[in-house]
Number of protein chains: 2
Amino acid sequence: MMAVNLKHCAINTATLGFQCQIEQSIDAVAAAGFGAIAPWRREIEGQNVFNIAKRIRDAGLSVTGYCRGTYLPSLTIAGFQANIESNRRALDDAAILGADSFVMVVGGLPEGSKDIDAARRQVAEGAEQLLEHGKKLGVRIALEPLHPVYAAERSCLNLLSEALDMCQQIEGTMPAPSLGVCLDVYHVWWDPNLKRDIARAGVENRIFGFHVCDWLVPTNDILNDRGMMGDGIIDIPSIHAQLKKAGFNGFIETEIFSAQNWWKRPVKEILNVCAARVLTSV
Amino acid sequence: MMAVNLKHCAINTATLGFQCQIEQSIDAVAAAGFGAIAPWRREIEGQNVFNIAKRIRDAGLSVTGYCRGTYLPSLTIAGFQANIESNRRALDDAAILGADSFVMVVGGLPEGSKDIDAARRQVAEGAEQLLEHGKKLGVRIALEPLHPVYAAERSCLNLLSEALDMCQQIEGTMPAPSLGVCLDVYHVWWDPNLKRDIARAGVENRIFGFHVCDWLVPTNDILNDRGMMGDGIIDIPSIHAQLKKAGFNGFIETEIFSAQNWWKRPVKEILNVCAARVLTSV
C-alpha cells in the first residue's frame, strides 16, 4: 500500500449517485477532507458555470476531470459534427471550471453499425478536432479506455495501449502533451500488458487521471455494480505503485457506480467510507 | 459473407441448453445436416465413453472440441494438482471421443486472491503439464481466451495475443503444434489487434477451433445472453474471412449460451435456425 494524503484525493460526483445539487456535493466533498472534485455535465450545464467554478475554488477544491465527452461515432456526417459541437461546448465549460482535463468516453458502435474500425477512425478524427479546441482553451483532453465489455455501447477504445497509440498518432511526442489518458482500475486491471503500458504512459507524460473503485465478485450489474476499494478483487495498491513509478503524482479519484448499494446511502456516509478506503486500500 | 457448407459446421451442445441426453443431441445434430459436434464433459463423464464415441462416428459426425478444461489456478498446491488431474482424465476421454482438440477455459482468480499474474503463471505451468499428456494421447489442446469481463471468475487468459504468447513460450515454434487456440467471436470481436493476431495464429498453425455466436445490444446477462449469428453487432463474416486468409479450414462451430431465449426452444428449432444462420450470417 502507498501512503496516501486525502488532500491528494478527489471525488467523482457520480460516486454520490447524484442525490444532491452540485453545490451540496462541493461542500460535502470539501468537508470530508478531499482535495478535489470531478463534476459531471448533467450537474453543470444550463447553470451559471462561473458561479459553480467560484464555489469550488472557495471550498478549496481543485477540479480533476470534467465528465464526460459526448460519444463521437455516428453513421451520419451531421450526427458526427453535432457530437463534436457538443464536446466543444463541454470543453468551454471545462475551461471555466478550471478542470485539469476533459474526460472523454468516446462512444461505441452507432446504432445499426457493426464496423468497429470505422467507429475508431471517427474517434481519432474527433479527438484531433477537439484537441485543437482544447489547446486554445488550455484544457487537456483525457481519453478513457473503457473495459471491453462496453465496446459495443459505450467505448470502442478499450486498451490502454490503444489509447496511447491514438494520442501518439494525433499529437506525436512532446514534453507536455495536451492529449492523454485517464486510467480507471475497473477498466484496465485485467490487461496482461498493463505494467508495460503504464510505464509507457509515464514516459510519454500522458497519465492525466487515475480513477479507483473495485471489481466485485460476483458483479450483479455490469454498469452499476462497482465496488468500494477493498471490497473486490483488483490489486489497486499494485496498480497505484506502477503509476507512481511511472511518475504520476496527480489526484487519486474515487468513481463508483453502485445503484444498489452505495448510491442508496447518505452522501456523508459514502464520503467517509471513501476517505477511509483510499487510505487503507489504494 | 463466405460460402459455407453445413458439413463443415459443428454444433457445440451447450447451444441446445442440455435439454436432452447426448445420444439424442448426436442424432439431432446429424439429422440437421451438420458435420461435427462438440460435447461437454457433463454429458460424457460417468458414462460409457466408447459407446458415445461410436454413436458419434456412426452418425457420421466428427468431434471438434471436447468442452472444457477444469479451471487451473488454486491457492494451494494440492488444489492445483487436483485441477491438473481432473484435466488429465478429461484428456483421456477426449482421446476416446477422437476430439480434434480439448478446449481449455483456464480459470480466473482463485477465491481470496487478487494476484492475476500468479494465476497466469499457474495456467502456463498447468498447460505445459497437460500438453505432455495430450501429446501422448494424440489430443491437441486449445486454449480459449475469454472476454475480459470473465477475467476474475472464469479465465485470466483474455487476449488472443496472450494465448499465442503462452503457446509459443511453452511449445516453441513448430510446423504442427499440439498447443493452440480456440477463437470465439464473442470473446475477441472487440480486440483492436484482432486482425494482426489472427494472421499470426495462422502463421503459427495454432487456430484449432472457431466458435460463432453474436453479441446482443443490449446484453441482459453477461454469461447466458449470447445471440444467434446475425442478431447482434459482431461482424462475423469479416472475422471469418480473416481466419480463412490465415489458412484456417476447420469446422465453424456454433456455441450459444442463451438461457432466456434459445435454450427455451425445441432442439430441432434451435438446430434449424443455426443451420440457416451459418449460411447467411457467418
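Does B:Phe18 count as buried, partly exposed or exposed, and at what relative accessibility? B:Phe18 counts as partly exposed because its relative accessibility is 21%, where buried means under 20% relative accessible area, exposed over 50% and partly exposed in between (1.4 Å probe, protein chains only). This is a predicted model, in which local features need pLDDT of at least 70, side-chain atom pairs count only at pLDDT 80 or more, and totals for chains, interfaces and linings use all residues. Residues are numbered from 1 along each chain as its sequence is written, chains are lettered from A and ligands numbered from 1 in the order in which they are written, and side-chain values use heavy atoms, with hydrogens and water left out.

**Chain A overall**

- Chain A has 10 helices and nine strands; helices (H or I, at least four residues) and strands (E, at least two) are DSSP runs, numbered from the N terminus.
- A compact globule of 282 residues would have a radius of gyration near 19 Å, and the 18 Å of chain A agrees with that. The radius is taken over C-alpha atoms, and the globule rule is 2.2 Å times the number of residues to the power 0.38.
- Along the principal axes, the C-alpha atoms of chain A fill a box of roughly 45 × 45 × 40 Å.
- Of the 282 residues of chain A, 60% count as buried.
- Taking contacts (heavy atoms within 4.5 Å) in chain A between residues at least 6 apart in sequence, 79% join residues at least 24 apart.

**Interface between chain A and chain B**

- The size of an interface is often given as the accessible area lost when the parts come together.
- Chain A and chain B bury about 2,200 Å² between them, with 67% of it on carbon and sulfur atoms. Buried area is the accessible area (1.4 Å probe) that two parts lose on being put together, summed over both.
- A:Lys114, A:Trp189 and A:Trp190 supply 25% of the area that chain A buries against chain B, more than any other three residues.
- In contact across the interface are 30 residues of chain A and 30 residues of chain B.
- Zero salt bridges are counted between the chains; a salt bridge is a side-chain nitrogen of Lys or Arg within 4 Å of a carboxyl oxygen of Asp or Glu.
- Six residue pairs are in polar contact between chain A and chain B (both at pLDDT 80 or more). A polar contact is a pair of N or O atoms within 3.5 Å; within protein, one must be able to donate a hydrogen and the other to accept it, and residues adjacent in sequence count only if both atoms are side-chain atoms.

- A:Phe18 lies in the loop between strand S1 (9-12) and helix H1 (22-31) of chain A, and its phi is near 55°, a positive value in a residue other than glycine.
- A:Phe18 is partly exposed, at 22% relative accessibility.
- B:Phe18 lies in the loop between strand S1 (9-12) and helix H1 (22-31) of chain B, with phi near 55°.
- The peptide bond from A:Cys67 to A:Arg68 is cis, with omega near -10°; A:Arg68 is in the loop between strand S4 (65-67) and helix H4 (77-97) of chain A.
- In chain B, the bond from B:Cys67 to B:Arg68 is cis, with omega near -15°.

**Surroundings of B:Leu164**

- B:Leu164 is in helix H6 (residues 160-171) of chain B and is buried, with a relative accessible area of 0%.
- Not counting residues up to four places away in sequence, B:Leu164 touches residues including B:Val181, B:Asp197 and B:Arg200.
- B:Arg200 is 36 residues from B:Leu164 along the chain, and their C-alpha atoms are separated by 8.4 Å.
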